[in-house]
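Let's look at how some structural labels get decided. Each one comes down to a value and a cut-off.

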Amino acid sequence: MGWVSRDMVAAIGLLALAVAGWWQTASLPSDAAMFPRLALSALAVLALVYLVRSLLRARRAQATKPLFKNAGRFVLAFALIAIYVAVFPRIGFFTATLVFIPVFVMAMGMRRAPLIAIATLAYTAVTYILFVVLLNRPLPDDLIIGLMG
């Protein structure tokens, strides 16, 4: 496994994410699926470019760095993402995201609580404004949105 680099793993992971996301949009009406599929297509194309570049780079020089600096943290990240994907259809995107982002970044080692809170709230607000307000594409029922009114 010495020829596999972090870049290859990341590119394959991004490509798998794009494919899984495309599959998830299959149940959406075509007009609602258009924007996510456009973004997922761009992600897939860029992931393929990333993979090809990392393969070419690996042919020129053997990878000297270990695949993971911290395998436990990689497994934790993967597990947290899997839990997030499994939970957000049940409790809603915004509720899951407001919990996931701080938990994930703290698990990855970031400890600046004010910055984490600002980034989490900003991301959630921008997502809400983009999809619900500007694109008029309400997301599935959400626990927090339901409690707010």
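Here are some questions and answers on those labels.

This is a predicted model, where local features need pLDDT of at least 70, side-chain atom pairs count only at pLDDT 80 or more, and totals for chains, interfaces and linings use all residues. Residues are numbered from 1 along each chain as its sequence is written, and side-chain values use heavy atoms, with hydrogens and water left out.

Q: Why is tyrosine 84 called buried?
A: Buried means under 20% relative accessible area, exposed over 50%, and partly exposed in between (1.4 Å probe, protein chains only). Tyrosine 84 sits at 15%, so it counts as buried.

Q: What about phenylalanine 35, and why does it get its label?
A: Its relative accessibility is 39%, so phenylalanine 35 counts as partly exposed.

Q: Why is the pair of tyrosine 84 and phenylalanine 100 called stacked?
A: Rings of Phe, Tyr and Trp (its six-membered ring) pair if their centres lie within 6.5 Å; planes under 30 degrees apart count as stacked, over 60 as edge-to-face and the rest as tilted. Here the centres are 4.4 Å apart and the planes at 25°, so the pair is stacked.

Q: What makes the pair of phenylalanine 35 and phenylalanine 131 edge-to-face?
A: Their planes are at 70°, with 5.7 Å centre to centre. Phenylalanine 35 lies in helix H2 and phenylalanine 131 in helix H5, so the pair ties together parts 96 residues apart in sequence. Helices here are DSSP runs (H or I, at least four residues), numbered from the N terminus.

Q: Which residues is alanine 96 in contact with, leaving aside its neighbours within four places in sequence?
A: Contact means heavy atoms within 4.5 Å, and alanine 96 has Tyr84, Phe88 and Ile91 as such partners.

Definitions and conventions. Helices (H or I, at least four residues) and strands (E, at least two) are DSSP runs, numbered from the N terminus.
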